[in-house]
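This report describes one protein chain for a reader who is new to structural models. Please keep the sequence and the structure in view while reading.

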Amino acid sequence: MRKDIYEGVLPFIMTHTKPNYAALAKQYNCDYRTVKRYYEAGISNKLPLLAQKNKKTLVSDFEDIIADKLALGCSSSAIYHFISKRGYRGSARTLRRYCRNTKADKIQKATIRVETTPGLSAQVDWKENLKLVNKFGEVVPCNIFLYVLGYSRIKYLELTFDRSQTTLFRCLTHAFQYTGGVPTEIWFDNMKTVVDRSRSQFSKVVFNERFRQYAKEAGFIPIACRAFRPQTKGKVEALARTIERIRVFNYEFESIHECPSDRWSYEKEQLSSFDANQLKIYSSVEKQIKRKVSNEAMVQWNQNKYSVPVNYIGKILTLRVKEDKLYIYDDSTLIRTHTITHQLLNYHRNDYIEILRSDVFKHLEDEELERFVDENLQAYDEL
């Protein structure tokens, strides 16, 4: 049974007034014959009571589990096997029908939500009448203005101590400045600072004249959401629920009785300068990988090879990359650092000498060996 359709036709049933089936069908995203059936059933006292919807069924104790599994994309068959081991005594067919109805209901609700193209819309709401308590036990009543762009989900929040129309205008202007412009339309609920008369079954919304002038001056089209339909402002409603998390800071914060931005304008003059480029190395992304040292005393990174001391041949070493440097570790001990290049072979001078001494060049004198190393390393660089 569709509760929203039932509530939509109820005023017509009570007043014995025939509704516009097509208009209600469009409003509730259903066939006009469905609306007609609800209305005629109500007139003839055949419409079931809403309370019957809460009748316990075979799946009642498993509805939360089923919802979670459906959200993960699980099939009704997989869910059936899962909950059967947890006490479900119904048939697979019953569960399949329940899952199908649940999915259909979610699709119907999804049509109410608003998905937009870039720059088309934003949503506005208040998290109102918050009562926070600072660490001195003082109660701080406040509100939070919430603004969300529909496409990018960029958010602007502002703490206020009232919800007057002047405050609303100030917050909206700040939101436009913060997000870089004004969307084509903005969705509001039926707040008194926005509308003089809310939309109902029988009337259209009437916007407050001063608010209408502000909207015209700012360049957006105001849209009032239908009452008791939070899905139409789902993005900002979700943000409002998230704001509830600040209550955990009761008795933890300290009131300074000043706007932080005003304090910051003075404080920033007292802050020391810094070199952003110098500090960038600490925030650069670090890549890490394990490599086995070859018989050539080399490890491979991005198809090129880099040398390590010969005593690490056969061992597994850790390679870490920061910007243009390759750091090679044995556990937590740094054993070699290389500059990353496009050369196939990259030797550290000491490693190259060790490699030659361990093989056919061990008979050379030190001076002769080092001259040979210098010549060959220069040749590698030129390659």
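Where pLDDT is low, the predicted coordinates should not be read in detail.

This is a predicted model, in which local features need pLDDT of at least 70 and side-chain atom pairs count only at pLDDT 80 or more, while totals for chains, interfaces and linings use all residues. Residues are numbered from 1 along each chain as its sequence is written, and side-chain values use heavy atoms, with hydrogens and water left out.

## The chain as a whole

The average pLDDT of the chain is 78, and 73% of the residues score at least 70. The chain contains 13 helices and 14 strands; these are DSSP runs numbered from the N terminus, with helices being H or I of at least four residues and strands being E of at least two.

Of the 383 residues in the chain, 33% are buried. Buried means under 20% relative accessible area, exposed means over 50%, and partly exposed lies in between (1.4 Å probe, protein chains only). The chain exposes about 25200 Å², of which carbon and sulfur atoms supply 51%; accessible areas come from the Shrake-Rupley method with a 1.4 Å probe, and for residues only the protein chains shown count as cover. Among contacts with a separation of 6 or more, 55% are between residues 24 or more positions apart.

Which residues of helix α8 are buried? In this helix, which spans residues 209–218, they are Phe211, Tyr214 and Ala215. Seen down the axis of α8, these buried residues fall within an arc of 100 degrees, so they line one face of the helix. The arc is that of the directions from the helix axis to the C-beta atoms. The cover over the buried residues of α8 includes α7 (165–179), β4 (185–188), β6 (206–207) and β7 (221–224). On the face of α8 turned away from the buried side are the exposed residues Lys216 and Glu217.

At the start of α8, a side-chain oxygen of asparagine 208 comes to within 2.9 Å of the backbone nitrogen of arginine 210. This is a polar contact, that is, a pair of N or O atoms within 3.5 Å; within protein, one must be able to donate a hydrogen and the other to accept it, and residues adjacent in sequence count only if both atoms are side-chain atoms. Glycine 219, with a positive phi near 100 degrees, follows α8.

Helix α5 (residues 76–84) has Ser76, Ile79 and Ile83 buried. Seen down the axis of α5, its buried residues fall within an arc of 60 degrees, so they line one face of the helix.

Strands of a sheet pair through backbone hydrogen bonds, either parallel or antiparallel. Two strands are taken to pair if DSSP finds at least two bridges between them. Strand β11 (residues 316–322) and β12 pair in the antiparallel sense over 5 bridges, and arginine 320 has tyrosine 327 as its bridge partner in β12. These two strands form a hairpin with 2 residues between them, and glutamate 323 in the turn has a positive phi of about 55 degrees.

Strand β12 (residues 325–330) also pairs with strand β13 (residues 333–339), in the antiparallel sense over 6 bridges. Here tyrosine 327 stands opposite threonine 337. The hairpin of β12 and β13 has 2 residues between the strands, and aspartate 331 in its turn has a positive phi of about 60 degrees.

## A sheet of three strands and asparagine 346

An open sheet of 3 strands has the order β9-β10-β14, with mixed pairing. Its edge strands, each pairing on one side only, are β9 (298–301) and β14 (345–346). Strand β10 (residues 304–307) pairs with β14 in the parallel sense over 2 bridges, and tyrosine 306 has asparagine 346 as its bridge partner.

Why does asparagine 346 count as buried? Asparagine 346 counts as buried because its relative accessibility is 8%. Its side chain reaches the backbone oxygen of glutamine 343 at 3.0 Å. Leaving aside neighbours within four places in sequence, asparagine 346 is in contact with residues including Met298, Tyr306 and His338.

How values were computed:
Contact = heavy atoms within 4.5 Å. pLDDT = per-residue confidence, 0-100.
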